Amino acid sequence: MRLLVVEDEARLATALQRGLQGEGFAVDVAADGPTGLEMARHGGYDAMILDVMLPGLSGYRVVRQLRAEEHWLPVLMLSAKDGEYDQADGLDCGADDYLTKPFSYVVLLARLRALLRRGAPQRPTVLTVGTLCLDPAERRVTLDSAEITLTAREFALLEYLMRRAGEVVSKTELLDHVWDASIETAPNAVEVYVGYLRRKLGRDVLETVRGAGYRLSA
C-alpha cells in the first residue's frame, strides 16, 4: 500500500513516515499544498494523510481540487483546528475522515486502515441531476448554469431529494429528515416548500406521486 503524507511540520511528517513504514506501508511526504496536490494526482497512492494549514494551498483547497477533477483518493485530514465547524468544512470539502491534533497514533492507524478497506468508490461532492447542480459545501445551487437562491430550508429539502433522485420520497420521510423533530411542524409544510422549489426550479423538476410523495426527476 502506498501512502502520501502532506504535512509541513517536519518532525511530525518524519514521525508519521517512519511509523507507517514500520507498519509496512510505502510512504512519500510533501511539505506544501501545491506539491501534495501534484503528487496526489499522479502518484497512484492508495490513501493520503493531509494537513489543513499548508504553505501555498490549504488542505481544504487540495481536497476540493481533487474532487473537482473526479479524483477519489481516500483522504484522512489532520488539523489543529478542532471546532465542529472546522471538521464539518473538511468533510464537506470531500475528505473521508478528519482527525484533530494532537492525536493518538493508534487511532490514526485504525482510521487509515478503515479508509483502505473501503477503497475509493466515486463519491462526488457536488450533486447533479440533469442540469441541476447542488454543492453542499459552498451552499450553491445552479440550474442550466444559472445560480438559484434558496433559503436554508429549501436548500435542505432539495439536497435530500437530490440524494434520492429518481425515488419516491414520502412527506413523512421528508419531515423526519429535513425538519427539526423537536419542533412541531404543520403537516402541509412539505407541500408549501415543494411549491417554493417548483417556482424557482420549474414545475417539471419535482413530480407529485399521488398518495405516495414526491420524486425528483432529471
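Analyst: Two residues are in contact if they have heavy atoms within 4.5 Å of each other. This is a predicted model, in which local features need pLDDT of at least 70 and side-chain atom pairs count only at pLDDT 80 or more, while totals for chains, interfaces and linings use all residues. Residues are numbered from 1 along each chain as its sequence is written, and side-chain values use heavy atoms, with hydrogens and water left out.

User: Which residues does A40 touch, not counting residues up to four places away in sequence?

Analyst: A40 touches L4, Y45, M48, L66, H71 and L73 on that count. A40 lies in helix α2. Helices (H or I, at least four residues) and strands (E, at least two) are DSSP runs, numbered from the N terminus.

User: Is A40 buried or exposed?

Analyst: The classes rest on relative accessible area: buried is under 20%, exposed is over 50%, and partly exposed is in between, with a 1.4 Å probe and protein chains only. A40 counts as buried because its relative accessibility is 1%. T35 is also found in helix α2, residues 33-42, but T35 counts as partly exposed at 35%.

User: How many salt bridges does the structure hold?

Analyst: Side chains of opposite charge can pair when their charged atoms come close. The criterion for a salt bridge is a side-chain nitrogen of Lys or Arg within 4 Å of a carboxyl oxygen of Asp or Glu. The structure holds 15 of them. One of these joins D51 and K101, whose closest N and O atoms are 3.2 Å apart. That pair links distant parts of the chain, 50 residues apart: D51 is in strand β3 (residues 47-51), and K101 is in the loop between β5 (97-100) and α5 (105-118).

User: Are D51 and K101 buried or exposed?

Analyst: D51 is buried, since its relative accessibility is 4%. K101 is buried too, at 18%.

User: What else surrounds D51?

Analyst: Leaving aside neighbours within four places in sequence, D51 is in contact with V6, E7, D8, G59, L78, S79 and K101. E7, D51 and K101 are linked in a network of salt bridges. The side chains of D51 and K101 also make a polar contact at 3.2 Å. A polar contact is a pair of N or O atoms within 3.5 Å; within protein, one must be able to donate a hydrogen and the other to accept it, and residues adjacent in sequence count only if both atoms are side-chain atoms.

User: Which residue forms a salt bridge with R111?

Analyst: R111 pairs with D97, at 3.4 Å from N to O. This pair also links distant parts of the chain, with R111 in helix α5 and D97 in strand β5, 14 residues apart. R111 counts as partly exposed at 28%, whereas D97 is buried at 17%. A further salt bridge joins R164 and E167 at 2.5 Å, N to O, and E167 is partly exposed at 38%.

User: Which residues of helix α7 are buried?

Analyst: In α7 (residues 171-178) they are E173, L174 and V178. They cover an arc of only 100° around the axis, so they lie on the same side of α7. The arc is taken over the directions from the helix axis to the C-beta atoms. The face turned away from that side carries the exposed residues T172 and D176. The cover over the buried residues includes α6 (152-163), α8 (189-201) and β11 (213-216).

User: How many aromatic pairs are there?

Analyst: A pair of aromatic rings is described by the distance of the centres and the angle of the planes. The structure holds one such pair. The rings of Y193 and Y196 have centres 5.0 Å apart and planes at 80°, so the pair is edge-to-face. Rings of Phe, Tyr and Trp (its six-membered ring) pair if their centres lie within 6.5 Å; planes under 30 degrees apart count as stacked, over 60 as edge-to-face and the rest as tilted.

User: Where in the chain do Y193 and Y196 lie?

Analyst: Both are in helix α8, three residues apart, and so are separated by about one helical turn. Y193 is partly exposed at 23%, and Y196 is partly exposed at 31%.

User: Which ring does the charged end of R2 sit over?

Analyst: The test is NZ of Lys or CZ of Arg within 6 Å of the ring centre and within 35 degrees of the ring normal. The charged end of R2 sits over the ring of Y45, 4.5 Å from its centre.
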